[in-house]
Amino acid sequence: MFQLQGSLWKLLALIIGLVITFHAASCGYFFCVRFPGLLELPGNIYDDVSDIYILSGGPRVIPSFKTAALQRNHDPKLIPQIIHQTYKSSKVPNSVRPMMQSWRLANPNWEIRFYDDEACLEFVQHEFPEYLEAYRNLPKHVERSDFFRYMVVLRMGGLYADVDTECRRAMDDIIKPRDTLLVGWENEFATPEIAAHRNYARTRQVLQWVFAAAPGHPALRDICDHIAQNVYTVFSQNTNRDTLERTGPGVFTDYVLKHAAMHPPSKRDDPWTVRLLPKVHFGVHPVGLDGIEPDAPGITVLHHYLGTWKVRGGWSRKRIDLYRLWRKVKSFVGPDSSKPEKTVDKPSWQAPHQTGLFPVSIEWEPPFSMLVDLIGHGDHQAGSDVSASLTAWGSWQPALAPTRGPTVLDALIGSLGSRGSNRVLLDIGAGQGLFSLAAAARGHRAIAFELSPNSLASFEASMAFNGFQDLITLHKVALGQQNESICVERGGPPKPRIFGGANPASVSIHARAQVDLARGYSHPQLHNVSAVGSSGVSAAAAGHEQWPWVKCTKTAQRCKGAHFVANETKIAAVRISANGWDAGILHGLQEVILSSPPSVILMELAPSQMEAVGLADAATLLQQLYQLGYTEISHSGYVCDERWYNLTRSIRLRGLGFAGQDSLRQPTWCTLPPDKFHALSARTSQQQRPENILLIYKTAPKPQPALAAPAPAGTNISGRGLPVAGVAKPISSQVLAAQQAFH
């Protein structure tokens, strides 16, 4: 009997232990200070819920721009409301009828015109007799279909759509009043070889299964002339490539980009605009190839490839489902390392090598365009390829998916108010200029700072393309707490880089080190102009392996930011993207912040990098800003998502019938009270990725405190008044190895 009771007690103890462990795990170790559901009343659930909410009064889209955007959707447009579709006969397959119907449902006010082969020929005879012979002599039906779509939109205007495309959004919401040619990016590849293996005509290609234009657009006229003049030209012995160059996306891409350069938005009186939409609008593959799934937000048109001429049978529903299943199984099983890597035969033809920058329309109101690099060739920020993200989504934000909202861009630029408010953005570490250009698009001024030649080329080209030179002042310097000369290049110009696209894991430590050094925000020892050989490297760093120091071959200036802000300038918002140099930059702006505090400060907080720089730790910097009056603080990124996951999971597992849990939605922004500063800093350091910190100025305590001066990197800071700071941390073995990239 006693033995049975002892066993029962052991079993009960085991069950209690498992329950406690389970509940503790459900709460998570971050921000978890109690055992939820065991030692508290149901009312405490609301304490957790109140700790996570979408920031009110911070990240928001200014209503005036929302209202203006809705109004513009109904303004008269230069592109008429006509949808053109064609098929070889009037007997359209049942598989495409729902897709054709989607255009009518999404665009009830548009006229839909359908043409079979006989109607197409009749149209060409009456409207373009000069092209009739060329049209009849094209060797393939797909080539005549290409030619017809250009001609019908050239003459009638409106929108052309393949019958196997599905419309998911009203075109009135996409087409702007000033648009006269609207096309979408289909795809891009880092090298011509990759493009050729995927049967693309260009490394960066525009699609033509959907496009819209005003009648008479000269780009369409040039394309039609090209086709008429090259009916008998053999562009390639590869029959697919031959078609792509004669009538397909190859020639279409060439003329669209040519006219985009000829008719930039900066020419305000030029009616023949060209706007290239990001891939998410028209270019998503039905099986989710290349990083965008077919159920992703923001898709306007989905092409189902049911009638594709390059794949036998097209992408049927069954084939799509089987391919998705195969992808899931492959990702679950992983690659078989025991088998040798399969080599791909060299293609019989190669896509032309495209260089330079490419325009893409940014998802912003009002819209503007940026000139970006080919995927894998531009600078990375916050671990991602900014150009690749802008091309795919028309948006980019550090530490967050491009479509998560309210976006960082909404939060910062929205704080500047309406057009004409005479409020200025200070954009530090501007990169390719997304934030400054978005501010200028709304009529605000921006003072930007950037050093990287790669980013500067894109930024300056985008300024000129949009005509924003009068609104943006660009300084080619890095900012800090003092004026000094710094090294930004070692061993000569870096070799041309091809990164792995938008995937952070594919970016090597060498590539990141090169970009950070060029931007002026790398490890302090790397920026030391006089550092040659192993001198200056701490014993801890040099003990692992000899650092192959090379001579500094290029220098630049790091300056105090206050020197660039005139006394009469009202700085309304400050953005800092500086890889851990935030404390020094803010100290260099101390005069500006104390005399007329900006309403908003946005930082990409990277505590581990701040520790390496050695100026001030993240928690101390946040506490100082809080004491200066920035008392409404929010954060977004991995740590915010983790907080939400832990707390909401705990609520559900308690089983206490919380009435609002069904309506609880994951926020983009989480509140950050002062007692969480250290926890946030510690958790962000562990993740090795930045967290967006948004600080909103409320009221400053009296007497107003000053920013404590951080110590110069590499010096002893004891007794300088900074509560928590440190000596510049030795360079890690990874960073030491990265110096190989500068040879």
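Guide: Start with a term: two strands pair if DSSP finds at least two bridges between them. Strands (E, at least two residues) and helices (H or I, at least four residues) are DSSP runs, numbered from the N terminus. Strand 20 (residues 571-576) and strand 21 (residues 600-605) run parallel, joined by four bridges.

Visitor: Where does this model come from?
Guide: It is a predicted model, where local features need pLDDT of at least 70 and side-chain atom pairs count only at pLDDT 80 or more, while totals for chains, interfaces and linings use all residues. Residues are numbered from 1 along each chain as its sequence is written, and side-chain values use heavy atoms, with hydrogens and water left out.

Visitor: Back to strand 21. What stands opposite M603 there?
Guide: I576 does.

Visitor: What's the strand order in the open sheet of eight?
Guide: The order is 16-15-14-20-21-24-22-23, and the pairing is mixed. Strand 16 (472-475) and strand 23 (670-671) stand at the edges. Each has a single partner strand, so one side of each is left without a neighbour in the sheet.

Visitor: Which strands does helix 16 touch?
Guide: Helix 16 (residues 434-441) packs on the sheet and touches strand 14 (424-428), strand 15 (445-449), strand 16, strand 20 and strand 21. Contact means heavy atoms within 4.5 Å. The direction of helix 16 makes about 165° with that of strand 14. Angles run from 0 to 180 degrees between N-to-C directions, and axes are lines fitted to C-alpha atoms, for helices over the stretch in contact.

Visitor: And helix 25, what does that touch?
Guide: Helix 25 (residues 677-687) also packs on the sheet, touching strand 21, strand 22 (632-636) and strand 24 (691-696).

Visitor: New topic. Which residues of helix 7 meet helix 9?
Guide: F147, Y150, M151, V153 and L154 in helix 7 do. They meet L220, R221, I223, C224 and I227 in helix 9. The contact has nine nonpolar residues, no polar ones and one charged. Here Ala, Val, Leu, Ile, Met, Phe, Trp, Tyr, Cys and Pro count as nonpolar, Asp, Glu, Lys and Arg as charged, and the others, Gly among them, as polar.

Visitor: How do the axes of those two cross?
Guide: The axes of helix 7 (residues 141-156) and helix 9 come within 9 Å and cross at roughly 145°.

Visitor: Is strand 5 buried or exposed?
Guide: Eight of the eight residues of strand 5 (residues 181-188) are buried, so the strand is largely enclosed by the rest of the structure. Buried means under 20% relative accessible area, exposed over 50%, partly exposed in between (1.4 Å probe, protein chains only).

Visitor: What about partners for strand 5?
Guide: Strand 5 pairs with strand 8 (residues 275-277) in the parallel sense, over three bridges. With strand 7 (residues 210-213), strand 5 runs antiparallel, joined by two bridges.

Visitor: How many salt bridges are in the whole structure?
Guide: A search finds 25. A salt bridge is a side-chain nitrogen of Lys or Arg within 4 Å of a carboxyl oxygen of Asp or Glu.

Visitor: Which residue does D427 meet in one?
Guide: R575, at 2.8 Å, N to O. D427 lies in strand 14 and R575 in strand 20, so the pair ties together parts 148 residues apart in sequence. Both D427 and R575 are buried.

Visitor: And which residue does D290 pair with?
Guide: D290 forms a salt bridge with R198, with the closest N and O atoms 2.9 Å apart. D290 is partly exposed, at a relative accessible area of 37%. R198 is partly exposed too, at 31%.
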